Amino acid sequence: MTIENNRPSPAAPMQSTQLDRSEALRLLGSVSLGRIVFTRHALPQVRPVNHVLDGGDIVIRTHEEAALTLHTHPADERAVVVAYEADAIDPETHAGWSVVVTGYASLVTDQRELARYQSMLRPWVERTMDHAVRIRPDLVTGVLLSGRATAAES
């Protein structure tokens with residue numbers, strides 16, 4: 001990597017390989033931070049959150065005033081469509097992976113499940129997080145970025 005005008009120049013192009021669903025979810029479960037994308041006032045909103053993978057579902061904790069909490073309903077009501085993204089990409093080489101899940105989010109209302117998620121997932125911000133949102137993946141896509149792409153591949 002070289003620095004030009006106080007900005008790092010981009011790394012050489014990487015080879016991109018599509019991941020299957022099980023490998024994408026395995027990689028997603030190997031990290032604790034991601035980004036949730038949801039709609040608020042007809043516009044996309046993106047928030048960094050920490051998560052845990054539980055039986056193939058993504059679970060995040062939220063607080064009562066959070067925009068996501070206010071726009072998500074209990075599981076027995078209408079679910080909200082969201083996207084969830086997590087990755088591990090080296091900032092210098094650009095090698096790594098990225099996974100995007102599109103699915104249905106609902107509030108966790110069962111008190112035993114909430115207590116279990118509170119013990120499994122510690123908030124990463126100083127705030128009381130007494131709600132949880134479960135995302136049931138519908139579409140799971142992922143890409144592995146590795147090695148240098150050849151001139152014919154780029």
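This is a predicted model: local features need pLDDT of at least 70, side-chain atom pairs count only at pLDDT 80 or more; totals for chains, interfaces and linings use all residues.
Which residues is Ile36 in contact with, leaving aside its neighbours within four places in sequence? The contacts of Ile36 are Gln45, Val46, Arg47, Val49, Ile60, Leu68, Val82, Ala83, Tyr84 and Ile135.

Ile36 belongs to the largest nonpolar core, a set of 23 residues. Within that core, Ile36, Ile60, Tyr84 and Val99 have the most contacts. At least two core residues come from each of α1 (21-29), β4, β6, β7, β8 (96-107) and β9. Strand β8 supplies the largest share, namely 5 residues. A separate core lies apart from this one; it has 7 residues, including Val52, Val108, Tyr117 and Leu121. As general background, nonpolar side chains in soluble globular proteins tend to be buried together.

Let me turn to the charged side chains. How many salt bridges does the structure hold? There are 8, and I shall discuss three of them.

The side chains of Arg35 and Asp87 form a salt bridge, with an N to O distance of 3.7 Å. This pair links distant parts of the chain, 52 residues apart: Arg35 sits in strand β4 (residues 33-40) and Asp87 in strand β7 (residues 80-89).

The next salt bridge joins the side chains of Asp57 and Arg136, at 2.6 Å from N to O. Because Asp57 lies in strand β6 (residues 57-62) and Arg136 in strand β9 (residues 131-148), the pair ties together parts that are 79 residues apart in sequence. Here Asp57 has a relative accessibility of 11% and therefore counts as buried, the limit being under 20%. Arg136, by contrast, is partly exposed, with a relative accessible area of 44%.

Asp110 is partly exposed, at 29% relative accessibility. Arg112 has a relative accessible area of 68%, so it counts as exposed, for which the cut-off is over 50%.

Which residues do salt bridges with shared partners join into one network? They are Asp57, Glu113, Arg134 and Arg136. The buried Asp57 and the partly exposed Arg136 are thus both members of that network.

To close, I return to Ile36, which is among the residues with the most contacts inside the largest nonpolar core.

Definitions and conventions
Residues are numbered from 1 along each chain as its sequence is written. Side-chain values use heavy atoms; hydrogens and water are left out. A salt bridge is a side-chain nitrogen of Lys or Arg within 4 Å of a carboxyl oxygen of Asp or Glu. Helices (H or I, at least four residues) and strands (E, at least two) are DSSP runs, numbered from the N terminus. Buried means under 20% relative accessible area, exposed over 50%, partly exposed in between (1.4 Å probe, protein chains only). A nonpolar core is a set of buried Ala, Val, Leu, Ile, Met, Phe, Trp, Tyr and Cys residues joined through side-chain atoms within 4.5 Å. Contact means heavy atoms within 4.5 Å.
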